[in-house]
Amino acid sequence: MTDIVTIRGLDHRYGTTHALHGVDLTVASGECVALLGPNGAGKTTLVSALTGMLAPTAGGVQIDGADPRRPATRRRLGVVHQHAGFPRTLKVRELVAGWAVRAGRPASNADAILAEVGLRDLTKRRVTELSGGQQQRLQLAMSLVVDPPLLVLDEPTVGLDTAARPRFWATLAARRDR
């Protein structure tokens, strides 16, 4: 297997606080990795550097051999945040189709992905009309429609009901296996 994530000597400081110090990590394609630790351990800082939203103080991060701070690399990432904001005027399918096009994929890819995450019946609904769990599934759809080499999840099941959680994890397991 090839490494999809390579982190070497990653450091980051917030003023005098050393959030990350000398982090080395590799993740192989198809591998699942969980970051566990107490509040303040640097998990969010690591994820921010991994997704290109934060420049490290020292060291480096590569996603599939490319710098995640480059827009072309970020467009290929799938990211599901704990909380997300959506444009208020767009409908579910419009948002997912637009995300596909932005990443150089056909807008028609949205339909299969929306079915895969259980949002097929909500494609014409405005995003503001979705429940919290439906918004989480929408984020997953937006992440998967770009066919990402890396999917980063930050507490992705927040807001999902007990019936939706197993489907969410089954979708991810099937994707990982492919």
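Here are some notes on this structure, from the strands through the helices and loops to the open spaces.

1. Before you start: this is a predicted model, where local features need pLDDT of at least 70, side-chain atom pairs count only at pLDDT 80 or more, and totals for chains, interfaces and linings use all residues. Residues are numbered from 1 along each chain as its sequence is written, and side-chain values use heavy atoms, with hydrogens and water left out.

2. Start with the sheet. It is open, has three strands in the order S2-S1-S3, and its pairing is antiparallel. S2 and strand S3 (58-63) stand at the edges with a single partner strand each, so one side of each has no neighbour in the sheet. From one strand to the next, the twist averages 15 degrees. On the terms: helices (H or I, at least four residues) and strands (E, at least two) are DSSP runs numbered from the N terminus, and two strands pair if DSSP finds at least two bridges between them.

3. Now look at S1 and S2. Eight bridges join these antiparallel strands. Leu10 stands opposite Val23 in S2, and Thr6 stands opposite Thr26 in S2. The two strands form a hairpin with two residues between them, and Gly15 in the turn has a positive phi of about 65 degrees.

4. What packs on the sheet, touching S1, S2 and S3? That is H1, whose direction makes about 125 degrees with that of S1. Contact here means heavy atoms within 4.5 Å. For the angles, axes are lines fitted to C-alpha atoms (for helices over the stretch in contact), and values run from 0 to 180 degrees between N-to-C directions.

5. Helix H4 covers residues 109-116, and Ala110, Ile113, Leu114 and Ala115 in it are buried. Buried means under 20% relative accessible area, exposed over 50%, and partly exposed in between (1.4 Å probe, protein chains only). Those buried residues of H4 pack against H3, H5 and H6. After H4 comes Gly118, with a positive phi near 80 degrees.

6. Asp64 has a phi near 50 degrees, a positive value in a residue other than glycine. Asp64 sits in the loop between S3 and H2 and is partly exposed, with a relative accessible area of 39%. Asp147 also has a positive phi near 50 degrees, and is likewise a residue other than glycine; its place is the loop between H5 and S5.

7. Glu155 lies in the loop between S5 and H6. At 47% relative accessibility, Glu155 is partly exposed. Setting aside neighbours within four places in sequence, Glu155 is in contact with Gln82 and Gln136.

8. On to the largest pocket, with about 1,400 Å³ of space. It is lined by 43 residues, and the closest to its centre are Val33, Leu150, Leu151, Val152 and Leu153. Strand S1 (3-14), strand S2 (17-28), helix H1 (43-50), strand S5 (151-153) and helix H6 (164-177) each supply at least two lining residues. H1 gives the most, with six. By class, the lining has 27 nonpolar, eight polar and eight charged residues. Ala, Val, Leu, Ile, Met, Phe, Trp, Tyr, Cys and Pro count as nonpolar, Asp, Glu, Lys and Arg as charged, and the others, Gly among them, as polar.

9. How were the spaces found? On a 1 Å grid over the protein atoms alone, a pocket is an open set of points with protein on both sides within 12 Å along at least five of seven lines, a cavity is a set where a 1.4 Å probe fits but cannot get out, and lining residues have an atom within 4 Å of a point. Points are joined across faces, edges and corners, and a volume is the space filled by probe spheres set on them.

10. The second largest pocket has a volume of about 450 Å³. Its lining has 19 residues, with Leu77, Val79, His81, Trp99 and Arg102 nearest the centre. Helix H2 (71-75), strand S4 (78-80), helix H3 (92-102) and helix H5 (132-144) each supply at least two of the lining residues.

11. Finally, there is one cavity of 30 Å³ or more. Ala49, Leu54, Pro56, Val61, Asp67, Pro68 and Arg69 line the largest cavity; five of these residues are nonpolar, none polar and two charged.
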